[in-house]
Amino acid sequence: MTATPRDGHDHVLDWAMVFEVHPLTSDRVDDFADVVNPNRRSTHCWCLSHRLPPKEIDALGGGDRERAMRCLSERSNPPGVLGYQDDLPVGWCSISPREEIPRLAGSRLIRPIDDVPVWSIICVVVRGGHRRRGITGPLLEGAVAYAASRGAPAIEAHPVDPPGRMDTTMAFVGTRAMFAHVGFAVVGRTDAVASTMPRLVMRRDLRQTA
């Protein structure tokens, strides 16, 4: 999938770049690690906690979280998509059917607003050294296109609406402006917070644009 570079923030866009988005299949796990955990630290985030309880992570990976992610990438719905700028992996978006994300599906703080079987975006990460270059927009567009190709009726995210710059430790949840630029609208609010800010429910309804 190829996305057109565009972004709703004050990022400078490189219109000459070739940007592609691909599902995280087992042959792309090294690319995923290059984006989220370039030093391969075992204690660093491997984007597993929302999807697998600790016992299942240990069972899949034998105590190795990278190995557990490799096993997860072999499932019928890969756990997300990678963005490539001129063939270099530069972005990660965790996206799946909500029902396949146990921590979200069972959350009492982020409850469903209706019975639409949405796909959910858990986090968005841009590789260090490549931030503020217009990557987020095409990455999200590619994630939406991927979910649409799998029959998703709608995509949801749960960002915050910061008055200024976002705390980098929680930036993975995204911002209202970032999602609004790629067609998401606020449809509700959650009882969850990130960096003391309430998290919204934003949705892009694919049934209206099909």
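Modeller: Let us begin with a polar contact, which is a pair of N or O atoms within 3.5 Å, where within protein one must be able to donate a hydrogen and the other to accept it, and residues adjacent in sequence count only if both atoms are side-chain atoms. The side chain of Arg204 makes such a contact with the side chain of Glu141, at 3.1 Å. This is a predicted model, in which local features need pLDDT of at least 70 and side-chain atom pairs count only at pLDDT 80 or more, while totals for chains, interfaces and linings use all residues. Residues are numbered from 1 along each chain as its sequence is written, and side-chain values use heavy atoms, with hydrogens and water left out.

Colleague: Is Arg204 buried or exposed?

Modeller: Buried means under 20% relative accessible area, exposed over 50%, and partly exposed in between, with a 1.4 Å probe and protein chains only. Arg204 has a relative accessibility of 19%, so Arg204 counts as buried.

Colleague: Which residues of helix α3 are buried?

Modeller: Helices (H or I, at least four residues) and strands (E, at least two) are DSSP runs, numbered from the N terminus. Helix α3 covers residues 65-72, and its buried residues are Glu66, Ala68, Met69 and Leu72.

Colleague: Why do these buried residues line one face of α3?

Modeller: An α-helix has 3.6 residues a turn, so residues three or four places apart point the same way. The arc is that of the directions from the helix axis to the C-beta atoms. Seen down the axis of α3, the buried residues line one face because they fall within an arc of 155°.

Colleague: What kind of aromatic pair do Phe32 and Trp92 form?

Modeller: Rings of Phe, Tyr and Trp (its six-membered ring) pair if their centres lie within 6.5 Å, and planes under 30 degrees apart count as stacked, over 60 as edge-to-face and the rest as tilted. By this rule there are four aromatic pairs. In the pair of Phe32 and Trp92, the centres are 4.7 Å apart and the planes are at 70°, so the pair is edge-to-face.

Colleague: How many disulfides does a search of the whole structure find?

Modeller: A disulfide is a pair of cysteine sulfur atoms within 2.5 Å. Cys93 is in no disulfide, since the nearest cysteine sulfur, that of Cys123, is 7.1 Å away. For the whole structure, the number of disulfides found is zero.
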